[in-house]
Amino acid sequence: MTDNLFQEFELNPSIKLKNRILMAPLTRCMADDDLVPTQAIADYYAKRADAGLIITEATIIRPDGQGYPNTPGLFTSAQIEGWQKVTQAVHNQGGKIFAQLWHTGRVAHPHFFGSDVLAPSAIAVEGRVPRMRELVYQTPKAATQKDIDQLVKDYAQAAANAIDAGFDGVEIHGANGYLIDQFLHHASNQRDDDYGVTPANMSRFALEVVDAIISRIGHEKTALRVSPGAYFNLEGDVKDKAVFDYLLPELEKRDLAFLHIGIFDDAMEFDYLGGRASSYIRKNYKKTLVGVGSFSAETGSKAIAEDKFDLLAIGRPFIANPDYVEKIRSKAQLTEYSDEMLAKLV
Ligand SMILES: Cc1cc2nc3c(=O)[nH]c(=O)nc-3n(C[C@H](O)[C@H](O)[C@H](O)COP(=O)(O)O)c2cc1C
C-alpha cells in the first residue's frame, strides 16, 4: 500500500531522488560549543541515507540567528569542515542531503551571541527559551534597511558555504515563526516601509533571500519551507492569507527544487486559509510540494496518491527509526517515537 513512496522522483534534471521519502529537518542541539557538527552527527545522518533526501536540522546562518543551545552553524570554516564530514558520510551511503538555513529572528536570545535581537518589528515573542527556561525572550530591534541588506547577503553566503561543505542543495527555513516567517505574518510584522503593510511588501524579504540564494547556487539547488498557517511562535491573522496569495505564485516563477510545508500535524485547519495548509498551498502553487506532519507511511502514501503533495517528509519516526525506509519497505514494526529519545543521538 506504500508502493508510490518507493518511486524515483526527479526534482529537476540535476537532482534525482531514489524514493519519495524525505527526512524532515529535526533540531537536535548536539553540535559542539563552536556550533560545529560532530562525528556523532555525521554517523546519525549516514544511518538515514536511505531517505530519498535528508534535510538537516536547522542550521544558523550567523551568530545572531541562534535561539537554542548547540544548534549548528554554517558561517565559520570549522563549521563548513564539520559539515563536509556529514555530507561525505551521507554520500558514501548513496544518500542526498540539503542543509536547512535558519535565522530565528525574534526567537533568538542574546545569551548565545551578546548583541541585539533582530526582527521585522520590535514585538517580542512571549515565553522562554526551551531547555534554558531562565532565558526570557527579549523585545527585538526592528531591522533597518542596512540590517536587512546584510541579512540577505549572509543567507546567500551561508548557501554558498553549504555548497562548499558538499551539500546537494539548501532548504531555506521560512516556516515555524522564525525570521522569514516573521516578515510574512501581521502579528510580527508591523513595518510601514517597503517590507510592511501590503502583501508584496511583506513578501519582499522572503523573495530577496530566495533570489540572492538562487543567484549564488542556482534554482535547482534551492528549496523553501513555509507556514502560511501560523501555529508556532506566532499568532495567525486573517490578513495573512493575502500575503501568501501573493507569495506562492511568485515562488512558482522561481522554479525551486521544492516547496515544503512547515507544520507538525497536517490535519490542523486554519479558518483564514479555508482548511489545511497543505490544501491551501496545493491550490496556489503547482510545482513540487513536500507534505509533512503526523503522517504514517500509509497515510502519506495515500495523500500522494490523492495528489495532495508529491513527496512525504517524515520527522519524529526518523528519530526513532534510523532504518525507517527499510522498515517500511519490508513492512517491519516501527519503534514508536518518544520525547526522551531527543536526549541522545542514535
Ligand atoms: C524534535 C524536533 C525538532 C524539529 N526541528 C525542526 C527544524 O530544525 N526545522 C524545521 O523546519 N522543523 C523542525 N521540526 C518540525 C519537523 O520538521 C516536522 O515538521 C514535524 O516533526 C512533523 O512531522 P512528523 O509528524 O513526521 O514528526 C522539528 C520537530 C521536532 C519534533
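**The ligand and its pocket**

An N or O atom in the side chain of Arg316 lies 2.7 Å from an oxygen atom of the ligand. In this predicted model, the protein covers 91% of the 610 Å² of accessible area that the ligand has on its own. A polar side-chain atom of Arg225 is found 2.6 Å from an oxygen atom of the ligand, while a polar side-chain atom of Asn176 is 3.5 Å from a ligand nitrogen atom. Around the ligand there are 19 residues, of which Pro25, Thr27, Arg225, Ser294 and Arg316 come nearest. This shell is made up of 10 nonpolar, 7 polar and 2 charged residues.

The ligand sits in the largest pocket, whose volume is about 860 Å³. This pocket is lined by 38 residues, and Pro25, Leu26, Thr27, Phe232 and Phe264 are the closest to its centre. Two or more lining residues come from each of β5 (97-102), β14 (311-314) and α9 (316-320), with α9 giving the largest share, 3 residues. By type, the lining of the largest pocket divides into 23 nonpolar, 9 polar and 6 charged residues.

The second largest pocket holds about 180 Å³ of space. Its lining has 13 residues, and those closest to the centre are Thr2, Ala297, Glu298, Ile328 and Leu334. Both α8 (297-305) and α10 (324-329) supply at least two residues of this lining, and α10 gives the most, with 3 residues. The lining of the second largest pocket comprises 8 nonpolar, 2 polar and 3 charged residues.

Note on methods: Residues are numbered from 1 along each chain as its sequence is written. This is a predicted model: local features need pLDDT of at least 70, side-chain atom pairs count only at pLDDT 80 or more; totals for chains, interfaces and linings use all residues. Side-chain values use heavy atoms; hydrogens and water are left out. A residue is near a molecule or strand if one of its heavy atoms lies within 4 Å of it. A polar contact is a pair of N or O atoms within 3.5 Å; within protein, one must be able to donate a hydrogen and the other to accept it, and residues adjacent in sequence count only if both atoms are side-chain atoms. Accessible areas come from the Shrake-Rupley method with a 1.4 Å probe; for residues, only the protein chains shown count as cover. On a 1 Å grid over the protein atoms alone, a cavity is a set of points where a 1.4 Å probe fits but cannot get out, and a pocket is an open set with protein on both sides within 12 Å along at least five of seven lines; lining residues have an atom within 4 Å of a point. A molecule sits in a cavity or pocket if more than half of its atoms lie within 2 Å of its grid points. Ala, Val, Leu, Ile, Met, Phe, Trp, Tyr, Cys and Pro count as nonpolar, Asp, Glu, Lys and Arg as charged, and the others, Gly among them, as polar. Grid points are joined across faces, edges and corners, and a volume is the space filled by probe spheres set on the points. Helices (H or I, at least four residues) and strands (E, at least two) are DSSP runs, numbered from the N terminus.
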